[in-house]
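Trainee: I am new to this structure, and I would like to learn how to read its features one at a time. Could you take me through them slowly?

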Amino acid sequence: MFKLEERSSAIEIKDKIQVELHRGANYPHRLNFYDKPPLYDVSIEEFETSALDRLRILAEIESSAARNRTWEETKTVTATQCEKYLPLKSSNAVGADRESQRRIDHLGHFVLRLAFCRSEELRRRFIKAETTLFKVRYETDDTTEREKFLSSRDFNWVAVDKSEKERHRQELSTYQGRADTFEADRYYKVRWTRVPDLVDKRKVFVKGGWAYVPSREQSSIVYQEFEAHLQRDLLVTARYMPRLDEDTRLGGILDNLSTGFLAGVSSEWSAAPADANAETIRADMVDDLAAKHFPMCMRNSHQRLRKDHHMKHFGRLQYGLFLKVLGLSIEEAIIFWRKSFDRINDDTFNKMYKYNIRHSYGLEGKRANYPAKNCQQILTSGGDPGCPYRHFSQENLQSALLSTYGPLGLSSSDLYEVMNTVKGGHFHVACTRVFEITHSSSGVKKGEGVGGGESVTHPNQYAARSMELLKAQEEKAMMVIT
Amino acid sequence: MLAFYRRLYPFKPIFHWLNHEPTPADLFVKREIAFNLPGEVIIRYNSFNDHDEFKKQVCKLNPTRFEIGPVYSSRPRDRKTARPGTFNPTQRELVFDIDMTDYDPVRTCCAAAAICKRCWAYIAAAVRVLDAAVREQFGYAHLLWVYSGRRGIHLWISDKEAMGLTDDQRRALVSWFTVVPKDEGKRVNVRFGARGLPASLQTALDHLAVVFTELVLYDQDCFASQAGYQALLKLIPDSRVVDALETKWTAAPSASHEKWDDFKKQIKTYKKGTPQRAALTAAMEDIILQYTYPRLDENVSKKRNHLLKAPFCVHPKTGRVCVPVDPARIDEFDPEAVPTVAQLLAELDAVAESAEHHSGLCSHAHGQVCAEGDRIVDWERTSLKPYVEMLERHNQGIMDEMRNEKRGAGKLDILFACGRLIVRRYVVVTLADVDISPCFLSLL
């Protein structure tokens with residue numbers, strides 16, 4: 001299915017020819033039904049990045065659904081996310097590299113197909129998210145362009161002719177359309193099974209199993225067609241998957257992508273802090289910061305550390321890296337851990353823990369600069385220390401949330417909503433909601449998330465945004481005073 | 001129970017009904033049958049090769065009843081050998097369940113599990129509306145209505161398209177037919193803005209208006225009691241009218257049809273063409289729908305893998321057999337006249353006795369043969385006969401269509417073969433010689 005960089009020469013030559021043929025008017029429309037797989041060479045890097053960028057958007061769409069956003073909100077959020085990660089300009093946009101944008105869109109879609117064809121559950125979620133994305137694009141598409149796209153495909157509908165329309169005039173007019181425009185309105189006839197959503201809302205006239213769809217609702221047919229098409233193709237892809245297992249380079253990437261759907265794609269949160277937070281963080285500030293700005297997982301780590309005066313390896317790793325990225329320097333980190341482990345003597349500490357701390361800062365061993373764990377890693381870590389939203393029992397989580405965030409404005413009446421999302425398995429949504437509630441005093445509204453409607457995907461993202469908000473507020477207060 | 005399964009249960013017609021053709025096909029072989037044994041034990045995922053095997057197992061387990069599930073992608077009994085994720089429902093009759101309990105707020109004669117001829121009229125109205133709507137709007141033809149044995153009725157639709165519907169499509173269909181809101185106290189809301197009723201409901205309303213007068217106003221007398229007319233008042237959107245009616249009705253008791261007339265008079269106090277009058281007329285139509293439109297048990301229809309009690313099973317509480325019902329004569333149907341198992345077995349005994357009387361001279365061996373021959377048609381000698389025949393007629397329709405379809409496919413094959421021959425160019429002469437062309441043409 002995919003022609004990768006290093007394929008045997010014979011095939012390559014053949015593909016070259018094909019590629020030549022394919023380029024040119026490769027993507028005439030902004031919308032794509034993804035009929036043809038990408039038949040060109042793709043570098044591993046492109047393979048991964050195109051998919052990751054697309055996954056970010058799909059994950060945002062999923063969480064929009066979980067957060068009960070209205071269609072308009074979903075549309076705006078998705079559109080801004082698309083602009084950021086996967087721009088796709090219309091055919092008459094000036095100065096945009098349309099071909100390559102559409103190529104990436106095309107490629108990303110097919111890579112994700114590979115990652116999500118494996119189980120019924122993944123397929124279902126993928127189809128839902130992809131269809132929503134298609135809907136967003138369809139609605140934001142230029143009218144003439146959409147018209148062109150529609151005429152480029154055969155949707156297998158029967159146009160209702162004048163005499164038939166006249167015959168059912170009475171019935172049709174009880175559904176939609178106004179009497180004065182009836183003459184001009186066009187209707188299309190399809191089997192009702194193709195427009196279940198319209199039947200569901202009793203929006204069309206149905207007779208003998210045929211639904212009379214007005215041109216205004218034509219999009220329903222298109223969406224349904226897209227969905228059915230994707231469903232069929234995913235099943236075919238699933239059947240061919242075992243052949244791909246031979247390629248060891250792709251297996252890992254694909255596995256990674258499919259787990260990515262669980263927690264949303266994580267943002268890499270390693271570069272920003274050093275320069276963003278000009279004032280460095282000192283060991284004695286951590287207590288205060290934890291109370292004000294940390295997400296539940298890190299609050300939990302901090303509380304346990306204070307209670308037990310000790311922490312096991314993976315806990316230290318998760319929490320330590322979080323603090324590192326937050327801006328705690330190595331010297332401060334050693335002071336912090338030394339003070340925290342106040343029941344052991346210097347000697348044991350130096351022998352047993354110091355190396356480890358220095359290692360995580362890239363000063364020992366292979367000297368790697370380890371990034372902090374993101375939500376996805378924490379969620380899938382298995383629960384020690386893990387993500388409280390996922391790994392705590394429900395009663396435990398409720399009381400922990402109340403005692404932790406009560407001072408910041410979380411009341412028991414908010415719990416119901418949070419617990420509902422937890423029950424639905426949308427842990428990052430629950431976390432985001434808690435962020436919104438506890439930061440409502442800084443003007444964060446429901447649905448805004450950690451800025452621009454984004455969900456929490458990284459504990460450092462949570463903390464950094466929280467600190468940012470406080471700073472902005474303080475600055476404002478200062479302005480007022482002076 | 002065992003005797004009923006052994007001698008009376010029409011396994012073969014049921015097999016034909018599920019299978020759509022005389023020889024066992026996927027529709028039967030990959031079909032799930034679930035047995036309910038005494039003590040709430042359910043054995044799921046049984047499947048059988050043919051009706052004999054099916055019967056044998058039923059007689060062996062002697063279940064209180066059994067239920068029919070979907071056709072799966074592989075045999076349900078072999079599901080553990082299927083690759084994980086590949087064992088899924090593929091086809092299933094489209095089923096509807098109408099249950100009397102959903103009508104409790106609008107019936108005055110009985111409550112909960114009880115049912116009488118009077119409240120059956122609600123079911124009868126629902127059957128008429130739903131039967132007509134499914135045929136007319138969705139174009140399905142193979143509808144089998146089955147009495148559920150106590151206080152409800154099931155509808156099984158065996159059309160090919162209906163069998164293949166996905167869960168989403170089923171959900172859409174159910175919601176198309178859901179008019180009366182589940183939540184009591186909510187009004188019927190089916191209009192788009194100030195428009196009239198959607199065409200699909202307008203036809204139903206024409207029939208239901210008659211039912212409403214006869215059943216709700218006269219027979220059930222729904223608005224006689226205080227709770228009854230309070231419920232009615234809640235559905236009227238005009239506070240002036242509500243106040244006027246309330247003072248009148250609390251002052252003196254009156255019958256439902258009088259109250260309805262009061263309501264109509266109140267509507268007429270507004271001039272024709274005013275928005276208030278239009279709103280109240282619409283409300284009147286909505287109230288009729290609220291009281292009489294079919295109330296479906298949605299969960300039965302929405303998912304393909306929902307199990308539903310097979311026709312001709314016996315209802316454990318009442319002992320009545322779940323017999324097919326003719327929708328054209330639904331008004332005459334009396335649930336209390338449906339045969340019970342005990343009654344049927346008694347009929348059989350009576351027949352056997354009289355037969356013994358007549359063939360007293362028969363040799364023992366001969367008698368055995370008689371018994372063997374008789375067993376096959378045992379149900380023919382009881383009051384179960386008309387019901388089984390009804391199912392067989394229904395099956396005939398399904399099987400005819402299946403056969404025609406196959407023959408159609410066959411025709412194409414022949415056509416294709418001929419086409420190939422002609423392309424090869426050496427049979428053209430032969431065709432003319434033996435004069436096949438007319439019959440070839442007739443095949444077309």
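Mentor: We will go through confidence, the contact between chains, a sheet and a single residue. Please keep in mind throughout that this is a predicted model.

Trainee: Where in chain A is the confidence lowest, and where is it highest?

Mentor: The general idea is to begin with the whole chain and then look at its parts. Chain A has a mean pLDDT of 80, with 88% of its residues at 70 or more. Within chain A, the lowest confidence falls in helix α12 (residues 273-276), where the mean is 42, whereas the highest, 91, belongs to strand β5 (residues 205-207). Residues 1-25 of chain A have a pLDDT below 50, and this stretch makes 17 contacts in the model beyond near neighbours in sequence. Residues 266-278 of chain A are also below 50, and that stretch has 25 such contacts.

Trainee: How many residues of chain B are in contact with chain A, and which elements give two or more of them?

Mentor: In general, the size of an interface is often expressed as the accessible area lost when the parts come together. Here we count residues instead: 22 residues of chain B are in contact with 18 residues of chain A. On the chain B side, the elements giving two or more residues are α5 (117-138), α7 (167-177) and α8 (199-219), and the largest share, 7 residues, comes from α7(B). By type, that side of chain B consists of 10 nonpolar, 8 polar and 4 charged residues.

Trainee: In what order do the strands of the open sheet in chain B run?

Mentor: One reads a sheet strand by strand. In chain B, 4 strands with antiparallel pairing form an open sheet in the order β5-β7-β6-β9. Strands β5 (94-99) and β9 (324-325) of chain B each have a single partner strand, so one side of each is left without a neighbour in the sheet. Strands β6 (residues 143-147) and β7 (residues 152-157) of chain B pair over 5 bridges, and B:Leu143 has B:Ile157 in β7(B) as its bridge partner. Helix α5(B) packs on the sheet, where it touches β5, β6 and β7 of chain B, and its direction makes about 10 degrees with that of β7(B).

Trainee: Why does B:Thr292 count as buried?

Mentor: Burial is judged by counting neighbours, and 20 or more C-beta atoms within 10 Å make a residue buried. B:Thr292 has 26 C-beta neighbours inside 10 Å, and therefore counts as buried. This residue is found in helix α12 (residues 275-292) of chain B. Leaving aside neighbours within four places in sequence, its contacts are B:Ala125, B:Leu208, B:Val211, B:Phe212 and B:Val216. B:Leu208 is 84 residues away from B:Thr292 in sequence, yet their C-alpha atoms are 6.4 Å apart in space.

Definitions and conventions
Residues are numbered from 1 along each chain as its sequence is written. Chains are lettered from A and ligands numbered from 1 in the order in which they are written. This is a predicted model: local features need pLDDT of at least 70, side-chain atom pairs count only at pLDDT 80 or more; totals for chains, interfaces and linings use all residues. Two residues are in contact if their C-beta atoms, placed from the backbone, lie within 7 Å. Ala, Val, Leu, Ile, Met, Phe, Trp, Tyr, Cys and Pro count as nonpolar, Asp, Glu, Lys and Arg as charged, and the others, Gly among them, as polar. A residue is buried if 20 or more other C-beta atoms lie within 10 Å of its own, exposed if 12 or fewer, and partly exposed in between; C-beta atoms are placed from the backbone. Two strands pair if DSSP finds at least two bridges between them. Axes are lines fitted to C-alpha atoms, for helices over the stretch in contact, and angles run from 0 to 180 degrees between N-to-C directions. pLDDT is the predictor's confidence in each residue, from 0 to 100.
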